[in-house]
Amino acid sequence: TWAFASLREQAVFAPAAMSRVESGGAWKQLEPRGCAMLLWSLAALRHNSDRAELFFRFVGDRCIVPRIEHFRAQDVSNCVWAFATARFTHQAGISALTKRASETIENFNHQSLANAVWGCAKL
């Protein structure tokens with residue numbers, strides 16, 4: 001989905017990709033960077049459906065909150081940006097991300113800091 005989002009092309013397989021991550025425990029292998037890139041891609045592609053919102057919440061519950069200590073600055077920034085761009089809320093996920101941002105603030109470059117702050121302002 002990242003390549004399609006970068007090209008601004010609609011990925012007709014995005015719902016299937018979401019189902020793949022959710023089913024059969026595939027989400028257990030989703031690393032923080034992959035999680036961030038997937039959410040970023042879906043938000044950039046404007047997958048704002050009810051289905052996508054449920055997926056964002058699923059990822060928040062299973063990937064972000066329990067593994068937040070493994071998220072790097074760029075991962076945090078991309079996730080916050082994705083939630084804000086998609087206009088989806090997930091209180092526990094956003095709280096975990098903002099807490100992690102404050103813990104790792106020295107690792108944020110200018111762009112990731114700007115994106116994270118913008119995302120927080122929009123949420």
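**Basis of the model**

Residues are numbered from 1 along each chain as its sequence is written, and side-chain values use heavy atoms, without hydrogens or water. Because the model is predicted, local features need pLDDT of at least 70 and side-chain atom pairs count only at pLDDT 80 or more, while totals for chains, interfaces and linings use all residues.

**Overall make-up**

The chain has seven helices and zero strands. Helices (H or I, at least four residues) and strands (E, at least two) are DSSP runs, numbered from the N terminus. Along the sequence the pattern reads α-α-α-α-α-α-α. Of the 123 residues, 47% count as buried. Buried means under 20% relative accessible area, exposed over 50%, and partly exposed in between (1.4 Å probe, protein chains only). The accessible surface comes to about 6,700 Å², with 55% of it on carbon and sulfur atoms. Those areas come from the Shrake-Rupley method with a 1.4 Å probe; for residues, only the protein chains shown count as cover. Contacts (heavy atoms within 4.5 Å) are counted here at a separation of 6 or more, and residues 24 or more positions apart account for 78% of them.

In soluble globular proteins, nonpolar side chains tend to be buried together. Leaving aside neighbours within four places in sequence, C35 is in contact with L30, V59, C63, I64, F71 and C79.

Two packed helices are described by the angle between their axes and the distance between the axes. Axes are lines fitted to C-alpha atoms, for helices over the stretch in contact, and angles run from 0 to 180 degrees between N-to-C directions.

| Pair | Angle | Axis distance |
|---|---|---|
| α5 and α7 | about 35° | 8 Å |
| α5 and α6 | about 145° | 10 Å |

The crossing of α5 and α6 is left-handed. A crossing is left-handed if the near helix is turned anticlockwise from the far one by less than a right angle, and right-handed if clockwise. V76, C79, V80 and F83 of α5 meet I94, L97, R100 and A101 of α6. By class, this contact has seven nonpolar, no polar and one charged residues. Ala, Val, Leu, Ile, Met, Phe, Trp, Tyr, Cys and Pro count as nonpolar, Asp, Glu, Lys and Arg as charged, and the others, Gly among them, as polar.

The crossing of α5 and α7 is also left-handed. On the α5 side, the contact uses Q74, S77, V80, W81, A84 and T85. On the α7 side, it uses S112, N115, A116, W118, G119, C120 and K122. The classes here are six nonpolar, six polar and one charged.

S112 lies in α7 (residues 110-122). S112 counts as buried because its relative accessibility is 2%. Beyond four places in sequence, S112 touches Q74 and S77.

A84 is found in α5. With a relative accessible area of 8%, A84 is buried. Beyond four places in sequence, A84 touches W118, G119, K122 and L123. A84 and N115 are 31 residues apart in sequence and 9.8 Å apart in space, C-alpha to C-alpha.
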